[in-house]
Amino acid sequence: QVQFVESGGGLVQPGGSLRLSCAASRIVNRLHAMGWYRQAPGKDRELVAHITAFNSTKYRDSVKGRFIISRDNAKKTVDLQMNSLKLEDTAVYYCNMGPLAGGALRPFYPWGPGTQVTVSS
């Protein structure tokens, strides 16, 4: 099984930046994409961005131009650089890995604890 540990969340003012990092316990399938999801209170978990094994990236429209995803297979990590943060970015952020389905990452493993991102003035 694969376990994830997310870190880097915190409290930031609108317009600020945070860098999230996720460490996976192992990579079972090197062809799997890696990605970040988020879940705001009272809302469904949503895919924020994913990066394929070939470093092709995809972002949800609301974060395009503000967030950057990257991965390091040797370190088994996936990072999310978040810039120009907005109030609506407030959520618990989770990472996962898996195949692509319909052009989007399909999470394949149990969720980690996540890391809280709060954007507030």
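Modeller: Let us begin with a single residue; please bear in mind that the model is predicted. Apart from neighbours within four places in sequence, threonine 52 is in contact with Ala33, Arg71 and Leu100. Threonine 52 itself lies in the loop between β5 (46-51) and β6.

Biologist: Is threonine 52 buried or exposed?

Modeller: The cut-off for a buried residue is under 20% relative accessible area. Threonine 52 has 12% relative accessibility and therefore counts as buried. For the chain as a whole, 45% of the 121 residues count as buried.

Biologist: Which secondary structure does the chain have?

Modeller: The chain comes to 0 helices and 12 strands. Its radius of gyration is 13 Å, close to the 14 Å that the globule rule gives for 121 residues, so the chain is as compact as a globular protein of that length. Along the principal axes, the C-alpha atoms fill a box of roughly 40 × 30 × 25 Å. Among contacts with a separation of 6 or more, 58% are accounted for by residues 24 or more positions apart.

Biologist: In what order do the strands of the open sheet lie?

Modeller: The order of this open sheet of 6 strands is β2-β12-β9-β4-β5-β6, and its pairing is mixed. The edge strands, each pairing on one side only, are β2 (10-12) and β6 (57-59). On average, neighbouring strands of the sheet are turned by 25° against each other, direction ignored.

Biologist: How should I follow the pairing from strand to strand?

Modeller: One takes each pair in turn and notes its sense and its bridges. β2 and β12 run parallel and are joined by 3 bridges; here glycine 10 stands opposite valine 117 in β12. β12 and β9 run antiparallel, again with 3 bridges, and glutamine 116 in β12 is the bridge partner of valine 92. β9 (residues 91-98) and β4 (residues 33-39) then pair in the antiparallel sense over 7 bridges. In β9, methionine 97 stands opposite methionine 34, and cysteine 95 stands opposite tryptophan 36.

Biologist: How many residues of β9 are buried?

Modeller: In β9, 8 of the 8 residues are buried, so this strand is largely enclosed by the rest of the structure.

Biologist: What should I look for in the two faces of β12?

Modeller: In a regular strand the side chains alternate between the two faces of the sheet. In β12, Thr115, Val117 and Val119 form the covered face, while Gln116 and Thr118 form the uncovered one.

Biologist: Which residues touch the most other members of the largest nonpolar core?

Modeller: In soluble globular proteins, nonpolar side chains tend to be buried together. The largest nonpolar core here has 29 residues, of which Trp36, Phe67, Leu80, Met82 and Tyr93 touch the most other members. Two or more residues of this core come from each of β3 (18-24), β4, β5, β7 (67-72), β8 (77-82), β9 and β12 (115-119).

Biologist: What does leucine 80 touch?

Modeller: Not counting residues up to four places away in sequence, leucine 80 touches Leu18, Arg19, Leu20, Trp36, Val48, Ala49, Phe67, Ile68, Ile69 and Tyr93.

Biologist: Finally, how should I read the accessible surface of the chain?

Modeller: One considers both its extent and the atoms that supply it. The accessible surface comes to about 6,300 Å², and 50% of it belongs to carbon and sulfur atoms.

Key. Residues numbered from 1 in each chain as written. Predicted model: local features only at pLDDT ≥ 70, side-chain atom pairs only at ≥ 80, totals over all residues. Heavy atoms only, no water. Pairing = 2+ DSSP bridges. Helix = DSSP H or I, 4+ residues; strand = E, 2+ residues; numbered from the N terminus. Axes fitted to C-alpha atoms, helices over the stretch in contact; angles between N-to-C directions. Buried < 20%, exposed > 50% of the residue type's maximum accessible area, 1.4 Å probe, protein only. Contact = heavy atoms within 4.5 Å. Rg over C-alpha atoms; globule rule 2.2 N^0.38 Å. Areas by Shrake-Rupley, 256 points an atom, 1.4 Å probe, with all protein chains shown as cover. Core = buried A, V, L, I, M, F, W, Y, C linked by side-chain atoms within 4.5 Å.
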